[in-house]
There are 2 protein chains.
Amino acid sequence: MIPRSARSSGAALSAEGALRTRGLRSTMPRRVILDVVRATDTHPTAAIVFERVRRRLPRVSLATVYRNLRRLAAEGLLRERVEATGLRFDPNVGPHDHFICVACGRILDLPRREGARRGRAALSRGEHVRTAARYGLEVIDRRVELYGRCRNCRRRGGPVSGLWRAT
Amino acid sequence: MIPRSARSSGAALSAEGALRTRGLRSTMPRRVILDVVRATDTHPTAAIVFERVRRRLPRVSLATVYRNLRRLAAEGLLRERVEATGLRFDPNVGPHDHFICVACGRILDLPRREGARRGRAALSRGEHVRTAARYGLEVIDRRVELYGRCRNCRRRGGPVSGLWRAT
DNA sequence: CTTGGTGCAAACCTTTTGCACTTTT
DNA sequence: AAAAGTGCAAAAGGTTTGCACCAAG
């Protein structure tokens, strides 16, 4: 949905380099964890990341995976998202929204309408921000999720699965 | 933010009546649980609901509170929301968005721009839906959360607390 | 050598489940 | 009387923490 090349701001840097810029020690588990999430476009859970990291480093512990995912998110190298199924991690740290297919469960990244512009100014427009401003609220960030059916599921007329719990 | 009178569609009905309309048995714990959440505008967790229900019915169990909150949400009498801190329950089942103050943690309901209209048609407009349509996605519902500082916190210049984990 | 990171196991918390008993219809 | 709901206790996730050992700067 979002061109791969633009997905992760700073993804141009190797894991090694990205860690350096944040003053984080470059340990083997940490590098692999970051690499694994970056190779992803499905917002993996900690368990999924753990499983994949283990293929490369059979001795890592789940605790290490959690500690690092949290840390990497805190440093802005990943984005953390709370889902009904648990925590998920997104290598795309730029501004974008999500579409969740209620038939197949897939999560798609959606570009922001104002995505072309940069910084705080990008948020000065848009209906939500205007609505909030009317109440004296200062908007810093936002989270938008659309629920529906993706192109494939529409085509094959897939039903809305039980996966769709209220948002 | 949203007038109390319009907060819960169907809130005009007593808990008793609301349960009837869904074919749910009207048991004492169930009525009190619904009443407690309805008396709320802070999206309480199950634990909070449990504590308040217990003041009126000292013998209820946490399991009963969970079972009923879930059931009431499934029947559309409450709305269930997944937060970092756990499940939260919202008596406002009409379409609305949320504003979360990153300084004090308060959650405010925001009316939808198209709130005046009704049904599926209400969603046919808006930037997100248009964006999604461009990708062949059919939008059924959406969840919007704005993060920022509320009027009070702006006034007293409160800092953005550590409460603000990435969304 | 010092600081920070790691593995392991145990602890934690929130949510769910099995079962015998009670209440609603 | 049948069906649905309840309390209790135990189980089940998913995530965090304490601690002794190890590695990076």
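User: Is B:His43 buried or exposed?
Analyst: B:His43 has a relative accessible area of 1%, so it is buried (buried means under 20% relative accessible area, exposed over 50% and partly exposed in between, using a 1.4 Å probe and protein chains only). Please keep in mind that this is a predicted model, in which local features need pLDDT of at least 70 and side-chain atom pairs count only at pLDDT 80 or more, while totals for chains, interfaces and linings use all residues. Residues are numbered from 1 along each chain as its sequence is written, chains are lettered from A and ligands numbered from 1 in the order in which they are written, and side-chain values use heavy atoms, with hydrogens and water left out.

User: Where is B:His43 found?
Analyst: B:His43 sits in the loop between helix 2 (28–38) and helix 3 (46–56) of chain B, where helices (H or I, at least four residues) and strands (E, at least two) are DSSP runs numbered from the N terminus. B:His43 also has a positive phi of about 50° although it is not a glycine. Most residues other than glycine have a negative phi.

User: And what is the phi of A:His43?
Analyst: Phi of A:His43 is near 50°, again a positive value in a residue other than glycine. A:His43 lies in the loop between helix 3 and helix 4 (46–56) of chain A, and A:His43 counts as buried because its relative accessibility is 2%.

User: New topic: how many residues of chain A are in contact with chain B?
Analyst: There are 45 residues of chain A in contact with 45 residues of chain B, where contact means heavy atoms within 4.5 Å. Together the two chains bury about 4,300 Å², with 54% of it on carbon and sulfur atoms; buried area is the accessible area (1.4 Å probe) that two parts lose on being put together, summed over both.

User: How many salt bridges go across that interface?
Analyst: The rule finds two across the interface of chain A and chain B, a salt bridge being a side-chain nitrogen of Lys or Arg within 4 Å of a carboxyl oxygen of Asp or Glu. A:Arg149 forms a salt bridge with B:Glu138, and their closest N and O atoms are 2.8 Å apart.

User: Which strand of chain A gives the most to the side that touches chain B?
Analyst: That is strand 5 of chain A, which gives twelve residues to this side. Strand 5 of chain A is joined by eleven bridges to strand 5 (residues 138–149) of chain B, and the two run antiparallel; strands pair if DSSP finds at least two bridges between them. A:Glu145, for instance, has B:Arg143 in strand 5 of chain B as its bridge partner.

User: Last one: what does A:Arg112 touch?
Analyst: Leaving aside its neighbours within four places in sequence, A:Arg112 is in contact with A:Pro95, A:His96, A:Asp97 and A:Arg142. The side chains of A:Arg112 and A:Asp97 are joined by a polar contact of 2.7 Å, meaning a pair of N or O atoms within 3.5 Å, where within protein one must be able to donate a hydrogen and the other to accept it, and residues adjacent in sequence count only if both atoms are side-chain atoms. The side chain of A:Arg112 also reaches the backbone oxygen of A:Arg142 at 3.2 Å.

User: Where is A:Arg112 found?
Analyst: A:Arg112 is in the loop between strand 4 and helix 6 of chain A, and A:Arg112 is buried, with a relative accessible area of 11%.
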